[in-house]
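The sequence and the structure come next, followed by the description.

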Amino acid sequence: MIENNSILNKLEGLEARFEEVSTLITDPDVIADQPRYVKLTKEYKDLGDIMDIRKRYIACLNAIRESKDILANETDADMKEMAREELQANEDMQPQLEEEIKLALVPKDPEDAKNVQMEIRAGTGGDEAALFAGDLFNMYKHYCDSKGWTLSVTSVNEGSVGGYKEIDFAVSGDNVYGTLKYESGVHRVQRVPATETQGRMHTSAATVAVLPEADQFEVNINEGDIKWDTFRSSGAGGQNVNKVESGVRLRYPWKNPNTGEVEEILIECTETRDQPKNKERALSRLRTFIYDREHQKYIDDIANRRKSLVSTGDRSAKIRTYNYPQGRVTDHRIGYTTHDLQGFIGGDIQGVIDALTVAENAEKLKDSEL
């Protein structure tokens, strides 16, 4: 038997819950209740991960106890040497496993597993800000490609000399919001613009917003209240342009829960030549828009409670500077700096995301008293 261990004590109740959930997800009544089934399967996976670490931790503690027992009672020199090595390896492993368990026990943000809707808006800096917004979009596109995620553009307003005044896109894959949520905020660029004749350095900015995509059952939309219009998509030319009404526009009366006033939400989608697909994507954006507005208070409460430096959701906070003359990128929230600006803007952003994740986990551990 393992002596009284505070970490194992914390895991004790979870074992019973794991067994309970594993039974519930096979119950036909639960399977028929989709919202509940989705929640329980997510809980089952998270608990399964914790049970796996628990098994490895118990094996480690047992190996330490057995090695000590051999060293205390065995007379064979070879056996004692093997036990010494085994003891050293497992004593080195024990704190690592304890750290893994502590992190696994920190409550996860239920949003993390979701897909996202992202928005990039050119800020101060005119044409140069639009070019920078284009650079940021390409950076995220390359990063998403490297992760095997799917990125689809839903709305575009191009800049007059290139880039984008604004661009909206959806990203789907594994743990997308949990990875990209740190990107929300103001991104600043310092460089000599291509449009600058005097060779002077300018500072421009673009705003990035990362919103967790709402599931259908989380937002109640009365589809009978939606007014649909179709229109011909404009474009660079080709047979379909101005002949097929593939673009869709929806208007939806939404009651703001904070003010009680009814506001009209207007959403357009011209992403594909297929009108039903555009309708589906416009509905998805409507759900996400309403979800974001109705959950903003919840997000603010979480942010205030955690006082997290790395994911407050404050879209007006300056989070990062891209300095071209010095080839440097600096994330101001954690003081992270890399001098591989070209690699970073080319989509190699995993390093800063890992550093931000570690910083947030450290804060969570502090708050959870584990």
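## Strand pairing and the sheet

Strand β1 (residues 116-122) and strand β3 (residues 164-172) pair in the antiparallel sense over six bridges, where pairing requires that DSSP finds at least two bridges between two strands, and where strands (E, at least two residues) and helices (H or I, at least four residues) are DSSP runs numbered from the N terminus. Within this pair, I120 stands opposite I167 in β3. The model is a predicted one, in which local features need pLDDT of at least 70 and side-chain atom pairs count only at pLDDT 80 or more, while totals for chains, interfaces and linings use all residues. Residues are numbered from 1 along each chain as its sequence is written, and side-chain values use heavy atoms, with hydrogens and water left out.

The open sheet is formed by eight strands in the order β2-β3-β1-β5-β4-β9-β10-β11, with mixed pairing. Because β2 (150-158) and β11 (336-338) each have a single partner strand, they stand at the edges, and one side of each is left without a neighbour in the sheet. On average, neighbouring strands of this sheet are turned by 15° against each other, direction ignored.

## Helices on the sheet

Helix α5 (residues 126-147) packs on the sheet and touches β1, β2, β3, β4 (185-191), β5 (202-212) and β9 (318-323), its direction making about 115° with that of β4. Contact here means heavy atoms within 4.5 Å, and angles run from 0 to 180 degrees between N-to-C directions, with axes fitted as lines to C-alpha atoms, for helices over the stretch in contact. Helix α7 (residues 275-294) also packs on the sheet, touching β1, β2, β3 and β5, and its direction makes about 95° with that of β5.

## Helix α1 and its residue E12

E12 lies in helix α1 (residues 6-24), and because its relative accessible area is 56%, E12 is exposed (buried means under 20% relative accessible area, exposed over 50%, and partly exposed in between, with a 1.4 Å probe and protein chains only). The C-alpha atoms of E12 and R54 are separated by 9.7 Å, although these residues are 42 residues apart along the chain. In the contact between α1 and α4, I7, K10, L11 and L14 of α1 meet E98, I101, K102 and L105 of α4.

## A loop residue with positive phi

N175 is in the loop between β3 and α6 (176-180), and N175 has a positive phi of about 55° although it is not a glycine. Most residues other than glycine have a negative phi. With a relative accessibility of 34%, N175 counts as partly exposed.
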